[in-house]
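Reader: Hi! Could you walk me through this fold? I'd like to start with the backbone and then look at the packing.

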Amino acid sequence: FVAANTLITLEKPQLKTGDIFLNDTFLEIKKLSAQLKEVRHKYFNAKIRDEKQKYQKKDKELRNQISNHLVKVGHTTINAHKIASFDPYDQNHFANWFESEWMFGNDLNTGFDIIIGNPPYVSAVSMARTNEEKAYFRQKYPEATGSYDIYILFLLRSLELSSSSGIYTWIIPNKFLVADYSINTKEKLLQNGLVYSIDVSVFDVFENTSVYPIIIFGSKTSTKEFSEYLLEEYSNLEERKFIKPSKLRDFSTFSDFNIQFSSGATGFEASNIKEYVSEVKTKKSIPFIVSGCIDRYSYVNENVRYMGLKLNNAFIEKPDSLAESKWKLWMNRKIVIAGMTRVIEAVYVDTPLALGVGVYAIHGFERFNPYFLTGVINSKFLTYYINKKFKDKHLAGGYLAINKSTLEKLPLVTPPKDIEISIIELSEKISNLKASNQNIDTSPDEQRINELIYKLYKLSEKEIDDIESFHFEL
């Protein structure tokens, strides 16, 4: 067993060649490596403690000899020292590098037949890395982009470590199937025999953690098309009884129509604006909301929790550090959408409104009336669609983690004029009623919009039944 940092390899040496004495050195390294492999084999089979200690001592001697010869042929002294100091018998030893050639005696070009992994799930934003490590990961794993999770690096590394006919299987977060940061890595796995994924996220695999895992399996020799599977019961995993989820029809998307989305406060910006948020309304301030303030067709800036603040009413004055484009978004009309929700919730706002973390907005409507888009977004069909299409974004309590990329991929079609006008009128009516009384029952008008949406997207009776029978958690 080896404890090591699998993501880090030894620096590749500039090997010297052509000298007869160097050729002799290469042969000596090969001979000593063979002896080292034999010593470790004998150690493994030894039964007497004294005998084991004898082989441990011989192992160290051989490592030091190999290390000295490696420097002669072009390895750095750092590399040589790492190889010499790697002690497979010390149960407390941890190597900050990994090379199967030196740790297992594998041929450089052979690789492992089977790789099984449960990698750490740590976001690139929160993982502790030196500048040197960041540069190393950028250079070695170019497919890992954006705010990736470190498990992505392990998936990429497994392709390097596996043999040409190798099998790999991992348990990883379900975000892998839909996250923007995993697109390049998923594509590389697909090119290397990714066969299927099994969603085990509903079975509390890891107790007392907010992790929603899937199992992925691949074989480098496979030519099968990738499939996503579900389990009816956890015991079906052992029996290999998988369920193929129903496939949604393809539609044009909001992105195809060039609908423009933006995010509320993000990253450092979110913490930087905190000092400008208060309960005091001034001539220069505007209402401030977070995701939980938004409902379908309405919002309130009451009982706002933000970065440790608890505000009965929330307002914000223009922060000095805020980008002009962000303040302009807040001042202008927009459709505001909750990012953390059980059902999609959106409201059209034509007055100034500041958006905190986890809030998104449509600010470019193209040819569409904003009330039409608001009606479409709030429909049962879009909540059903996002739950099915992006099932791997679900969180505890039935919540969905919606982001800008997800919203851009939602379905949108060009409406016939009569349906468009009807949806606009109903959406505006509901918005006005909610503005005067947020608790008013507008469900009959909302259901009429749902029925118009079914016609708009030309859904079949079976599709409509599936949507109407879907459990919408309000």
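**A chat about loops, strands and helices**

Author: Happy to! Arg240 is found in the loop between α8 (236–239) and β6 (260–263). Keep in mind that this is a predicted model.

Reader: Thanks. What is the phi of Arg240?

Author: Phi is positive there, about 60°, although Arg240 is not a glycine. For context, most residues other than glycine have a negative phi.

Reader: Is Arg240 buried or exposed?

Author: Arg240 counts as exposed, because its relative accessibility is 54% and the cut-off for exposed is over 50%.

Reader: Good to know. And where is Met307 found?

Author: Met307 is in the loop between β11 (302–306) and β12 (309–313). Its phi is also positive, near 50°, and Met307 is a residue other than glycine. With 39% relative accessibility, Met307 counts as partly exposed.

Reader: Let's switch to strands. Which strand does β6 pair with, and over how many bridges?

Author: β6 runs antiparallel to strand β18 (residues 359–364), and 4 bridges join them.

Reader: Nice. How many residues of strand β3 are buried?

Author: For strand β3 (residues 194–199) it is 6 of the 6 residues, so β3 is largely enclosed by the rest of the structure.

Reader: Which strand runs parallel to β3?

Author: That is strand β5 (residues 227–230), joined to β3 by 4 bridges. β3 also pairs with β4, in the antiparallel sense and over 5 bridges.

Reader: And what stands opposite Asp199 in β4 and in β5?

Author: In β4, Asp199 stands opposite Ile214. In β5, Asp199 stands opposite Leu230.

Reader: Does β4 run parallel or antiparallel to β2?

Author: Antiparallel: β2 and strand β4 (residues 213–219) pair over 7 bridges. Within β4, Ile215 stands opposite Ile171.

Reader: What about β1 and β2, parallel or antiparallel?

Author: Strand β1 (residues 112–117) and strand β2 (residues 162–173) pair in the parallel sense, over 5 bridges. Phe112 has Ser162 in β2 as its bridge partner.

Reader: Last topic, helix packing. At what angle do the axes of α2 and α3 cross?

Author: Helix α2 (residues 49–72) and helix α3 (residues 77–85) cross at roughly 165°, and their axes come within 8 Å. That makes α2 roughly antiparallel to α3, because angles over 145 degrees count that way. The crossing of α2 past α3 is right-handed.

Reader: Which residues make the contact?

Author: From α2 there are Arg63, Asn64, Ser67, Leu70 and Val71, and from α3 there are Thr77, Ala80, His81, Ile83 and Ala84.

Reader: How many of the contact residues are nonpolar, polar or charged?

Author: The contact of α2 with α3 divides into 5 nonpolar, 4 polar and 1 charged.

Reader: Great, thanks for the tour!

Terms used. Residues numbered from 1 in each chain as written. Predicted model: local features only at pLDDT ≥ 70, side-chain atom pairs only at ≥ 80, totals over all residues. Heavy atoms only, no water. Pairing = 2+ DSSP bridges. Helix = DSSP H or I, 4+ residues; strand = E, 2+ residues; numbered from the N terminus. Axes fitted to C-alpha atoms, helices over the stretch in contact; angles between N-to-C directions. Parallel < 35°, antiparallel > 145°, perpendicular 65-115°, else oblique. Left-handed = near helix turned anticlockwise from the far one by under 90°. Contact = heavy atoms within 4.5 Å. Nonpolar A, V, L, I, M, F, W, Y, C, P; charged D, E, K, R; others polar. Buried < 20%, exposed > 50% of the residue type's maximum accessible area, 1.4 Å probe, protein only.
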